[in-house]
Protein chains: 2
Amino acid sequence: MAQTCIRHAGQPCVVCHVGRRSDWQDFDQTASALLSSGRRRREYGSGELVFAQGEPNDGVHCVSGGTVGIRRLDDNGNSVLLELAYPGDTIGYRSFLTGSEHKTSAEALGPSVVCHIDRATIAALLAGNPALGLRFLKRSIGELEHAHDMMFRQATLSNRHKLVHLLLVLVGRHGRRHSNGSQSIDLPVSRRDLASMIGTRHETISRIIGRLEIDGVAHFSGRQVTIPNVAMLAAEIDCLIQA
Amino acid sequence: MAQTCIRHAGQPCVVCHVGRRSDWQDFDQTASALLSSGRRRREYGSGELVFAQGEPNDGVHCVSGGTVGIRRLDDNGNSVLLELAYPGDTIGYRSFLTGSEHKTSAEALGPSVVCHIDRATIAALLAGNPALGLRFLKRSIGELEHAHDMMFRQATLSNRHKLVHLLLVLVGRHGRRHSNGSQSIDLPVSRRDLASMIGTRHETISRIIGRLEIDGVAHFSGRQVTIPNVAMLAAEIDCLIQA
DNA sequence: GAGCAAAATTGACGATCATCAACGACGCTC
DNA sequence: GAGCGTCGTTGATGATCGTCAATTTTGCTC
C-alpha cells in the first residue's frame, strides 16, 4: 500500500500517484519541482492524528493510502465523524484558505499514508496555477453537496434506514465481492463512530444491527460485515423513493 | 427594501449595494461595466422560486433584499430547508461551477429582491478576476463549515435544544430588541420548515413549542416569537458545553 | 365576507430511543 | 499472564417521537 513510485515530472503528484482523483496534477515542470521539494510523505498508525481540532494550520495534506476520518469534538467529550477521506482526497485545505485553526481533527482509521505540503509551497502553487484553486473549489462544492445529502437523510430517514444507507456507501468503497453474490466489508470505523455518523447512540446501533441480523439482510462479526444480497438491502431504501 | 441606489463604477455590485457582504466587489471599471450589463434585478413574492431543483443552471443569483430559503425535495414529497440566504449571499453558484443542474430549490421566504447574472457574464468575470473565484471558494468553505456544525448538532443535541439553537440564530438575524430587554422575531419560515431544519415532524415542533411556552422561555403567536430573556434561553445550550 | 386549502394544534397510541447499569470480549501495557 | 481500560452487547425503564386522526386556525381567492 505504501509503495513508492516515482514518475517523471508532469504526472499527478509524483509520489502519491493516486491518479485521476488527486487535486495535484497537470502541473508544469517548475510546479512539479516545487511540489516535490515542499512535500513530505508520512505513514500513520491506526488512531494517529494527522492534525487536531484547534491546532493552527500548517499546510495541506493529501491522503495517499488508507482511510482518514474527519472528526469534530466538543468539550463534553462528544465526537462526530463527519467525513471519510480516501486516497486522492485533499484534507486540511479549509483552514489553510481561511487562515484559521483546524475546525476538525483528521485521524487515520487504519494504517495510512498521508503527504504533507507546507504553507509556502501551496501558496506558491496556488499563485502560479489558478487551476489548483479551482480544483479546491470543486472539492469544497462536492463536500458541501455531500453534507447537504447527509442533512437531508438525517431529516427524512429512520435510524435503521440511515444505517442501511451508510452500509451501502461503505460497501461501494470497501466491499469485496464473493462468488456466491454476497459482499463483505471491513468496517473502517467503530460502532461508536458508526453511531455518531448516523446521529444516535452506540447502544441503539447495537440493537439495529441485531434487527438487521434477524431480518437476514446483513451479518455482523466484529468489524466484518457480510451482506448476502446487496440489492435486497438497497431495496429497503429504494422502496421509500417509489412508494 | 427594494430601493435602487446606483453608485459609480468600482463600488460593490452597483445596484445591490449590499456592501461588505457581497462577493461582487473590488472590480475594475471594465468588470463593473460587464456586471452592469449582464445583471438583471427582480422582485419575488413570498413563495416564488428563484430557481428549482433539477433545472439546468442559467447563471448565478445574488440576494439583495429579503430572505431566500435553500430547499431540497425528494420524490416522496419530503422537503428539507437546508440554508437561509440573506442580502449579500450568492446562490446557485455551485451548479454553475460544476456544470450540473440545480441540486436544490431557492425560494423567496417573503418579498425579496434577487439579482441574476447570466452564465456568459460570470464566465468572463471569473476569467478576468481570479479574486472572484477565491471569494466563491471562501463562500463554499463557509457553507461547508455551517453544514458541519449542523451535522454535529444533529448528532449531539436533543430536538428541544436544536430548536432553541435555531431560535437563537434567528434572533441574531431577525430579532428586534424591546425596551424591557425582551426580543421579538418574525419567523421567516413555517412550522413545517422549522421541523425539517431540525430533523423532526411538525407535530413534534408544535409540542416542543408548547413546552417552551410552559417553561416561559419563549412565547409564540403565529410566526411572531417573543423571548423574554435571551440569555436564559442561551443558557439552556451553554450549560451543556460547560457541564 | 364566503368559501376553500393549507397550516397548525391537540389527542391517543404504539414504536423507538436515551439512559443507566451490568457484563463479557478484546487489545494493550507492564 | 495479570491488570486495565475501552469497546460492544444486552436488559430494564422512562421519555420522546412518529403516526393517524380530528379539529381549529390561518391565509388566500373570488
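Helices (H or I, at least four residues) and strands (E, at least two) are here DSSP runs, numbered from the N terminus. The model is predicted, so local features need pLDDT of at least 70 and side-chain atom pairs count only at pLDDT 80 or more, while totals for chains, interfaces and linings use all residues. Residues are numbered from 1 along each chain as its sequence is written, chains are lettered from A and ligands numbered from 1 in the order in which they are written, and side-chain values use heavy atoms, with hydrogens and water left out.

Chain A has eight helices and 12 strands. Of its 243 residues, 53% are buried, where buried means under 20% relative accessible area, exposed over 50% and partly exposed in between (1.4 Å probe, protein chains only). Contact means heavy atoms within 4.5 Å. Among contacts in chain A between residues at least 6 apart in sequence, those joining residues at least 24 apart account for 69%.

Two helices of chain A, α5 (residues 159-174) and α6 (residues 191-198), pack with their axes 10 Å apart and at an angle of about 115°. Axes are lines fitted to C-alpha atoms, for helices over the stretch in contact, and angles run from 0 to 180 degrees between N-to-C directions. α5(A) is therefore roughly perpendicular to α6(A); angles under 35 degrees count as roughly parallel, over 145 as roughly antiparallel, 65 to 115 as roughly perpendicular and the rest as oblique. On the α5(A) side, the contact is made by Asn159(A), Lys162(A), Leu163(A) and Leu166(A), and on the α6(A) side by Leu194(A), Met197(A) and Ile198(A).

In chain B, helix α6 (residues 191-198) is mostly covered, with six of its eight residues buried. These are Asp193(B), Leu194(B), Ala195(B), Ser196(B), Met197(B) and Ile198(B). They pack against elements of both chains: α4 (130-156) of chain A, and β4 (68-73), β5 (79-85), α4 (130-156), α5 (159-174) and α7 (202-214) of chain B. Just after α6(B), Gly199(B) takes a positive phi of about 90°.

Asn159(B) lies in helix α5 of chain B and is partly exposed, at 26% relative accessible area. Leaving aside neighbours within four places in sequence, Asn159(B) is in contact with Ile198(B), Thr200(B), Thr204(B) and Ile208(B). Asn159(B) and Thr200(B) are 41 residues apart along the chain, and their C-alpha atoms are separated by 7.6 Å.

Cys62(A) is buried at 1% relative accessibility, and Cys115(B) is buried at 0%. A search of the whole structure finds zero disulfides over all chains, a disulfide being a pair of cysteine sulfur atoms within 2.5 Å.
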